[in-house]
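Welcome! Have a look at the sequence and the model, then read on.

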Amino acid sequence: MNLIHRIEHWGNVHHPQWIDYLRIALGIMIFAKGVTFVNDRQVVEHMIEQSSFHLSVWGAVHYVVFTHLVGGLFLILGFLTRLASLLLLPVLVGAVFFVNITNGFSYVNSELWLSIVVFFLLIFFMVMGSGKYSLDNMMNKPGYKRDI
């Protein structure tokens with residue numbers, strides 16, 4: 001547990017302001033993808049069925065849509081950023097290795113490259129955390145009582 005606390009402390013100390021804007025942009029992008037999944041659920045079902053990874057399509061669709069919407073919103077607000085990133089990682093692993101890689105590593109396959117970038121950004125925010133402009137930072141200020 002000591003290693004986790006040291007990583008969290010390092011991420012909180014070394015956090016420039018532009019990283020907060022990157023976190024917000026990433027959250028907006030993930031939330032928007034979740035909204036498109038809600039509007040066209042059959043596309044998500046088709047992507048999961050095409051992958052060689054055998055899951056319950058019904059449960060996987062709900063997990064993908066839920067984590068995109070809630071995780072994206074949490075990233076935008078900077079609320080439980082590390083947890084939101086952790087919950088989104090399995091979705092991105094599935095997107096990179098099981099869904100988008102079937103089209104190949106060509107420059108035309110922009111979904112694959114976007115999924116790879118988002119995957120690494122989620123790992124980055126798992127280490128760095130929320131930052132200065134976040135609900136997590138606002139709740140840690142003096143005068144705010146946190147019941148944990």
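A residue counts as buried under 20% relative accessible area, as exposed over 50%, and as partly exposed in between. Leu 80, at 31% relative accessibility, therefore counts as partly exposed. Please keep in mind that this is a predicted model. The chain has seven helices and zero strands, and 34% of its 148 residues count as buried.

**Overall layout**

**The nonpolar cores**

- Which residues have the most contacts inside the largest nonpolar core? They are Leu 26, Ile 30, Leu 75, Leu 88, Leu 92, Val 118 and Leu 122, in a core of 13 residues.
- Helices H2, H5 and H6 (110–128) each supply at least two residues of this core.
- H6 gives the most to this core, with six residues.
- A second, separate core has six residues, including Phe 37, Val 44, Val 61 and Val 91.
- As background, nonpolar side chains tend to be buried together in soluble globular proteins.
- Leu 88, one of the residues with the most contacts in the largest core, also shows which parts of the chain meet there. Beyond its neighbours within four places in sequence, Leu 88 is in contact with Ile 30, Thr 67, His 68, Gly 71, Gly 72, Leu 75 and Leu 122.

**A nonpolar patch on the surface**

- Tyr 63, Leu 80, Leu 83, Leu 86 and Leu 87 form a nonpolar patch on the surface, and together they have about 400 Å² of accessible area.
- Which helix gives the most to the patch? Helix H5 (residues 81–99) does, with three residues.
- Tyr 63 lies in helix H4 (residues 57–77). With a relative accessible area of 34%, Tyr 63 is partly exposed, because that value falls between the 20% and 50% cut-offs.
- Leaving aside neighbours within four places in sequence, Tyr 63 is in contact with Leu 87, Pro 90 and Val 91.
- Tyr 63 and Val 91 are 28 residues apart along the chain, and their C-alpha atoms are separated by 8.3 Å. Val 91 also belongs to the second core.

**Leu 80 and its backbone**

- Where is Leu 80 placed? Leu 80 is in the loop between H4 and H5.
- Most residues other than glycine have a negative phi.
- Leu 80, a residue other than glycine, has a positive phi, near 50 degrees.

**Aromatic pairs**

- How many aromatic pairs does the structure hold? There are three aromatic pairs.
- In one of them, the ring centres of Phe 74 and Phe 79 are 5.0 Å apart and the planes are at 85 degrees, so this pair is edge-to-face.
- Phe 74 counts as partly exposed, at 23% relative accessibility, and Phe 79 counts as partly exposed at 23% relative accessibility too.
- Another edge-to-face pair is formed by Phe 119 and Phe 120, with 5.5 Å centre to centre and 70 degrees between the planes.
- Are Phe 119 and Phe 120 buried or exposed? Phe 119 is buried, with a relative accessible area of 17%, whereas Phe 120 counts as exposed at 52% relative accessibility.

**The salt bridge**

- Side chains of opposite charge can pair when their charged atoms come close.
- A search of the whole structure finds one salt bridge. The side chains that meet in it are those of Asp 20 and Arg 23, at 3.4 Å from N to O.
- Both Asp 20 and Arg 23 lie in helix H2 (residues 17–39), where they are three residues apart, about one turn of the helix.
- Are Asp 20 and Arg 23 buried or exposed? Asp 20 is buried, and Arg 23 is buried as well.

How values were computed: Residues numbered from 1 in each chain as written. Predicted model: local features only at pLDDT ≥ 70, side-chain atom pairs only at ≥ 80, totals over all residues. Heavy atoms only, no water. Salt bridge = Lys/Arg side-chain N within 4 Å of Asp/Glu carboxyl O. Helix = DSSP H or I, 4+ residues; strand = E, 2+ residues; numbered from the N terminus. Buried < 20%, exposed > 50% of the residue type's maximum accessible area, 1.4 Å probe, protein only. Patch = residues over 30% accessible without salt bridge, like charges linked within 9 Å, V, L, I, M, F, W, Y side chains within 5 Å. Areas by Shrake-Rupley, 256 points an atom, 1.4 Å probe, with all protein chains shown as cover. Phe/Tyr/Trp six-rings, centres within 6.5 Å; stacked < 30°, edge-to-face > 60°. Core = buried A, V, L, I, M, F, W, Y, C linked by side-chain atoms within 4.5 Å. Contact = heavy atoms within 4.5 Å.
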